[in-house]
Amino acid sequence: GAVLGNCVPLSSYFEGWNWTSVNQLFDDMSLNYVFSTLGENASFIKSQEGYSDYYPGFGWFGTLETIDNTSMYKLRMINDDAIAFRGSIINVDEVLLSVFAGWNWIGYTPQMTVDINTALFNLEENGEFLKSQEGYADYYPGFGWFGTLEEMSPFTGYLLRLTADTDFTYNEGDGLARIAPSLTNTSYDQFDLNIHDYEYNATMTTALYIDDSRVDSYDYILAAYDGLTCVGYTEGLYFPLDGNIIFPLMIYGNEDDKGNTLTFKVYDKLSHTYLDIDKEFVFTPDMRLG
């Protein structure tokens, strides 16, 4: 999402899958009202508890009938579209998220992008793992959240894993709006990855070894393949807890890809050559390795 000059927040949705949330309040919170302007550009939506299909000429119908401010939704689009939201701004301190040990699909209530450690300050020590459609972070006791997901942003949906049931509100910190950063990954044409083609993702926090020597430079890209299709890639990231370079890989897939064998290659940016990796993994949606 972005904010227009006239302060009407615009949320963009792309063809395929979108992990989204709504941080405004409307007199009518029904699915048919909140997403009415998408029309036939949308086809399917689901929350952690229900789902609905879009029927042209009729509207949304299914077990998911209303939208709230605390949930994440996976929205499938047939075409790109956007919504200019004109609801009421909610008071972040008054919206309590009741989340449980294990996995939770959560929305994001603030109106601005906030550093992840600030935003989730009220979770205390019960956080374990957080991911969006584009990145992820682990919680390290005594240190905080760290990973490719550094900030949380409006209209984004998140998958949160907890060690204990918790009630929390978001923390906006100093209240200064920040511009969302570009993705950690630079775009490389040869990998040809569109994350919106996939409903699920999985994560692998990895160390890379070449000839038994751990890679300690940013000259390599680690890429995952399902057959000949690239399903994820990452550059090296400095890991402040031990001073090493890690490769935080997010891998994408759909329901039909469950159980597929993943192979890996390393791209050498200096020599423009590929190295094969002899290790293989099996794709499981939401798996977390590392």
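Residues are numbered from 1 along each chain as its sequence is written, and side-chain values use heavy atoms, with hydrogens and water left out. Because the model is predicted, local features need pLDDT of at least 70 and side-chain atom pairs count only at pLDDT 80 or more, whereas totals for chains, interfaces and linings use all residues.

## Confidence

The pLDDT, which is the predictor's confidence in each residue on a scale from 0 to 100, has a mean of 92 for the chain, and 92% of the residues reach 70 or more. Over residues 1-6 the pLDDT is below 50, and this stretch has 7 contacts in the model beyond near neighbours in sequence, where a contact means heavy atoms within 4.5 Å. Residues 177-185 also have a pLDDT under 50, and the model gives them 16 contacts beyond four places in sequence. Where pLDDT is low, the predicted coordinates should not be read in detail.

## Salt bridges

A salt bridge is counted where a side-chain nitrogen of Lys or Arg lies within 4 Å of a carboxyl oxygen of Asp or Glu, and the structure holds 8 of them.

| Residue | Partner | N to O distance |
|---|---|---|
| Glu 128 | Arg 161 | 3.6 Å |
| Arg 288 | Asp 138 | 3.2 Å |
| Lys 258 | Glu 255 | 3.0 Å |

Salt bridges that share partners join Glu 128, Asp 138, Arg 161 and Arg 288 into one network. Strands, like helices, are DSSP runs numbered from the N terminus (at least two residues of E for a strand, at least four of H or I for a helix). The salt bridge between Glu 128 and Arg 161 links distant parts of the chain, with Glu 128 in strand 14 (residues 127-131) and Arg 161 in strand 18 (residues 158-162), 33 residues apart. The salt bridge between Arg 288 and Asp 138 likewise links distant parts, since Arg 288 belongs to strand 30 (residues 288-289) and Asp 138 to strand 15 (residues 136-140), 150 residues apart.

Glu 128 is partly exposed at 23%, and Arg 161 is partly exposed at 25%.

## Empty spaces

Rolling a probe the size of a water molecule over the atoms shows where empty space is left. On a 1 Å grid over the protein atoms alone, a cavity is a set of points where a 1.4 Å probe fits but cannot get out, and a pocket is an open set with protein on both sides within 12 Å along at least five of seven lines; lining residues have an atom within 4 Å of a point. Grid points are joined across faces, edges and corners, and a volume is the space filled by probe spheres set on the points.

The structure holds 1 cavity of 30 Å³ or more, and the largest cavity has a volume of about 50 Å³. Among the residues that line this cavity are Tyr 136, Asp 138 and Tyr 140, and strand 15 gives the most to the lining, with 3 residues.

Most residues other than glycine have a negative phi, and most peptide bonds are trans. Phe 155, although not a glycine, has a positive phi of about 70°; Phe 155 is found in the loop between strand 17 (151-152) and strand 18, and is buried, with a relative accessible area of 6%. Asp 286 is not a glycine either, and has a positive phi of about 65°. Asp 286 lies in the loop between strand 29 (281-282) and strand 30, and counts as partly exposed at 24% relative accessibility.

Technical notes. Buried < 20%, exposed > 50% of the residue type's maximum accessible area, 1.4 Å probe, protein only.
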